[in-house]
Amino acid sequence: MTAVAAGVFRRTPLERSDQRVAWDRTDQAFFAAGACHILAWVCRAAYPDRSIGLVGLRFADDPQVWHVYATWAGWAFDHSGWNPEPHLLAANRHFESRPLEPVALADDLAEFCAAHHSRMPHQYWADPLPRARDYLARHTPPWT
């Protein structure tokens with residue numbers, strides 16, 4: 001799968017306000033916008049023997065992270081599957097037409113959610129963890 005900008009799947013106002021409507025989107029849309037952080041943390045947990053990092057994207061002039069992905073040895077995993085990290089960054093920069101800044105994220109999901117106005121798993125319409133594990137399993141990691 002080729003890297004696709006997360007903004008392509010940006011939630012509508014209705015999807016932002018209604019968790020059921022947001023939940024009913026395709027897996028790719030759900031994990032591109034609204035649950036990308038859940039997918040990234042699930043990726044890290046699924047491979048405890050690998051040094052999986054977590055990165056947030058933000059606009060260069062804004063402290064707010066708006067997309068999260070997992071990293072490993074120059075690769076990035078998000079809704080687009082595994083791609084070289086420069087390809088993922090280029091796709092997002094091109095779509096957004098403005099400078100982006102990748103920032104390393106802390107280890108704790110709860111702290112991330114509090115700092116960046118994101119939902120914890122129990123705050124979704126249904127539990128997103130099994131859905132994230134299933135989505136992750138569809139993508140072959142680069143080390144295999």
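Biologist: How many cavities of 30 Å³ or more does the structure hold?

Modeller: Rolling a probe the size of a water molecule over the atoms shows where empty space is left. A cavity here is a set of points, on a 1 Å grid over the protein atoms alone, where a 1.4 Å probe fits but cannot get out. Its volume is the space filled by probe spheres set on the points, joined across faces, edges and corners. This predicted model holds one cavity of 30 Å³ or more. The model is predicted, so local features need pLDDT of at least 70 and side-chain atom pairs 80 or more, while totals for chains, interfaces and linings use all residues. Residues are numbered from 1 along each chain, and side-chain values use heavy atoms, without hydrogens and water.

Biologist: Which residues line the largest cavity?

Modeller: Lining residues have an atom within 4 Å of a point. Among them are Arg11, Phe30, Arg119 and Tyr124.

Biologist: In what order do the strands of the sheet run?

Modeller: Strands of a sheet pair through backbone hydrogen bonds, either parallel or antiparallel. Strands are DSSP runs of E, at least two residues, numbered from the N terminus. Two pair if DSSP finds at least two bridges between them. Here five strands form an open, antiparallel sheet, ordered S4-S3-S2-S1-S5. S4 (81-84) and S5 (100-104) are the edge strands. Five bridges join S1 to S2. Val55 has Tyr69 in S2 as its bridge partner.

Definitions and conventions. On a 1 Å grid over the protein atoms alone, a cavity is a set of points where a 1.4 Å probe fits but cannot get out, and a pocket is an open set with protein on both sides within 12 Å along at least five of seven lines; lining residues have an atom within 4 Å of a point. Helices (H or I, at least four residues) and strands (E, at least two) are DSSP runs, numbered from the N terminus.
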